[in-house]
Amino acid sequence: RGGGLIGARQEIAGHTLSAALQNLAADDKVAAVVLRVNSGGGSAQASEEIWRSIAALKLKKPVYVSMGRVAASGGYYISTGATKIFAQPDTLTGSIGVVGGKLALGGMLKNVGVDTYSLAKGKRAAMWSPMTAWTDEERALVLTMMEDVYKVFVNRVAEGRGKTYDQVHALAQGRVWTGAAAKEHGLVDAMGDLETVIDAARDAAKIGREVALEVYPPEPTLKDLLAGLAE
């Protein structure tokens, strides 16, 4: 869920946004959806959750992505499920890759006279403890997990962009592209600002300029404020 007093208004939250996208898919009064993405990325799990919701929504109505200043890593991941992707020439996008790691603070604490001890049951129960570094076996396991996530990410891009895995891999590996370069490489469809994308979505849905826009998230209600206080 989105954090903060009134939910996901300063972030793209997996559960919160997916629920909204599912509601839009079921709402017959909605003819098309424009998703504004301005994110440098985040959780792979949240990205996959949102990607699935966008892919399902796309089967029912056009979904156009409008990229802001940054739509990279997880921000690009969720975009690849859309019908069309629009960027601006100086958008930073791509960054198709996975980063993982942890802080190991035990040695630092020992240097200042603080001893720490882990109590865990199970061979890898303390693997993510911030007190100890990984063993060689644990490091190899984490690398395998990261490679698996990377392969899923590349396959999502390949599916959305009509490319092969190897074609996307050649553009991926964490590289960051400007919007203009991304268009040259087929990672986005066109250049355009938010208004351009909204007009394109109207045309795709065959609705006139007189049809009202509904913006999400809407202005917070008293219920939103009370729910935030209860968390």
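Is Asp-203 buried, exposed or partly exposed, and what is its relative accessible area? Asp-203 is partly exposed, at a relative accessible area of 48%, where buried means under 20%, exposed over 50% and partly exposed in between (1.4 Å probe, protein chains only). The model is predicted, so that local features need pLDDT of at least 70 and side-chain atom pairs count only at pLDDT 80 or more, while totals for chains, interfaces and linings use all residues. Residues are numbered from 1 along each chain as its sequence is written, and side-chain values use heavy atoms, with hydrogens and water left out.

**Figure 1. Salt bridge between Asp-203 and Arg-209.** The side chains of Asp-203 and Arg-209 meet at 2.8 Å, N to O; a salt bridge is a side-chain nitrogen of Lys or Arg within 4 Å of a carboxyl oxygen of Asp or Glu. Arg-209 is partly exposed, with a relative accessible area of 47%. The structure holds ten salt bridges.

**Figure 2. Salt bridge between Asp-115 and Lys-110.** The closest N and O atoms of this pair are 3.1 Å apart. Lys-110 is exposed, with a relative accessible area of 56%, and Asp-115 is partly exposed at 46%.

**Figure 3. Salt bridge between Glu-137 and Lys-123.** Here the closest N and O atoms are 3.1 Å apart. Glu-137 belongs to helix 5 (residues 136–161) and Lys-123 to the loop between helix 4 (106–111) and helix 5, so the pair ties together parts that are 14 residues apart in sequence. Helices (H or I, at least four residues) are DSSP runs, numbered from the N terminus. Glu-137 is partly exposed, with a relative accessible area of 41%, whereas Lys-123 is exposed at 65%.

**Figure 4. Aromatic pair of Trp-128 and Trp-134.** A search of the whole structure finds three aromatic pairs. In the pair shown, the ring centres are 5.4 Å apart and the planes stand at 90°, so the arrangement is edge-to-face. Rings of Phe, Tyr and Trp (its six-membered ring) pair if their centres lie within 6.5 Å; planes under 30 degrees apart count as stacked, over 60 as edge-to-face and the rest as tilted. Trp-134 is buried, at 14% relative accessibility, whereas Trp-128 is partly exposed at 48%.

**Figure 5. Charged end of Arg-156 over the ring of Trp-51.** The charged end of Arg-156 lies 4.0 Å from the centre of the Trp-51 ring. A charge sits over a ring if NZ of Lys or CZ of Arg is within 6 Å of the ring centre and within 35 degrees of the ring normal.

Terms used. Helix = DSSP H or I, 4+ residues; strand = E, 2+ residues; numbered from the N terminus.
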